[in-house]
Amino acid sequence: QLSSGNFAIELRTFDDQSDTLWTEVIATELVKRDVDIILAGYSSTLTKPLAEIAHESGKLLLAPGAASTPVFSGKQMAFGTVPPTAKYLAQAVEGLAGVGAKSIATVWENASFTRGVCAAAPSLAETHQLQLTSAQEVINTPNITVLEPVVQKLAEEDPDVVVTCVYDCVPWMKAMRKVNWS
């Protein structure tokens, strides 16, 4: 209840089926139904079509599970709850440089979020006077076989810091153990 009266909220849920094209269909239908607020699900990839359609129609978009900067960039009515991918590493790199790190390397999984997080490393390295020794993309859901040659290359480079932007760290740690490098 507000001072101007009582208001009701009607919530409608839709299964996006983890499909960007289906997400577009849902967003288009929501706009036709004249909803006031669109609440996005998880993932920047799935939220981006919602953000575009919400922006074009002047609707408020709440995107608690998206972090990719393009989801929000230039969209005054799009709001998230997690930091943009470009800012995930900022404090860590600053802190590592502050305790004496001189070089950094990055490895990221081929996905929007992970690519976005590691994409900030070159400018952060420059800002904090770290040498970027390498930047390597690996396939989605990499296994030990994929990661072992990457670890071997990094062992030869021997950077002070390696930032891995992957969803599952276990194969990465196993590959490091197999090469006997940490």
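Buried means under 20% relative accessible area, exposed over 50%, and partly exposed in between, with a 1.4 Å probe and protein chains only. The model is predicted: local features need pLDDT of at least 70, side-chain atom pairs count only at pLDDT 80 or more, and totals for chains, interfaces and linings use all residues. Residues are numbered from 1 along each chain as its sequence is written, and side-chain values use heavy atoms, with hydrogens and water left out.

**Figure 1. The disulfide of Cys-118 and Cys-165.** The structure holds one disulfide (a pair of cysteine sulfur atoms within 2.5 Å). The sulfur atoms of Cys-118 and Cys-165 are 2.1 Å apart. The pair links distant parts of the chain, 47 residues apart: Cys-118 sits in helix H5 (residues 112–119) and Cys-165 in strand S6 (residues 161–165). Helices (H or I, at least four residues) and strands (E, at least two) are DSSP runs, numbered from the N terminus. The S-S torsion of Cys-118 and Cys-165 is about 90 degrees, so the disulfide is right-handed. Cys-118 is buried, at 2% relative accessibility. Cys-165 is buried too, at 6%.

**Figure 2. Cys-169, too far for a bond.** The closest cysteine sulfur to that of Cys-169 is in Cys-165, 9.6 Å away. That distance is too far for a bond. Cys-169 counts as partly exposed because its relative accessibility is 37%.

**Figure 3. A nonpolar surface patch.** Ile-37, Leu-39, Leu-62 and Phe-79 form the patch. Together they have about 390 Å² of accessible area (Shrake-Rupley method, 1.4 Å probe; for residues, only the protein chains shown count as cover). Patches are made of residues with over 30% relative accessible area and no salt bridge; like charges are joined within 9 Å, nonpolar side chains (Val, Leu, Ile, Met, Phe, Trp, Tyr) within 5 Å. Ile-37 lies in strand S1 (residues 37–39). Ile-37 is partly exposed, with a relative accessible area of 48%.

**Figure 4. The largest pocket.** About 730 Å³ of space lies in this pocket. A pocket, found on a 1 Å grid over the protein atoms alone with a 1.4 Å probe, is an open set of points with protein on both sides within 12 Å along at least five of seven lines; lining residues have an atom within 4 Å of a point. Grid points are joined across faces, edges and corners, and the volume is the space filled by probe spheres set on the points. The lining holds 21 residues; Leu-11, Arg-12, Ile-37, Ile-38 and Leu-39 lie nearest the centre. Helix H1 (20–32) and S1 are the elements that give two or more residues to this lining.

Figure 5. A salt bridge is a side-chain nitrogen of Lys or Arg within 4 Å of a carboxyl oxygen of Asp or Glu. The count comes to six. Arg-115 and Glu-137 meet at 3.5 Å, N to O. Arg-115 is partly exposed at 34% relative accessibility, as is Glu-137 at 38%. Glu-148 and Lys-178 form a salt bridge at 3.4 Å, N to O. Glu-148 is in helix H7 (residues 144–157) and Lys-178 in helix H8 (residues 170–179), so this pair ties together parts 30 residues apart in sequence. Lys-178 is exposed, with a relative accessible area of 58%.

Figure 6. The side chains of Glu-157 and Lys-153 meet at 3.3 Å, N to O. Glu-157 is partly exposed at 25% relative accessibility, and Lys-153 is partly exposed at 34%.
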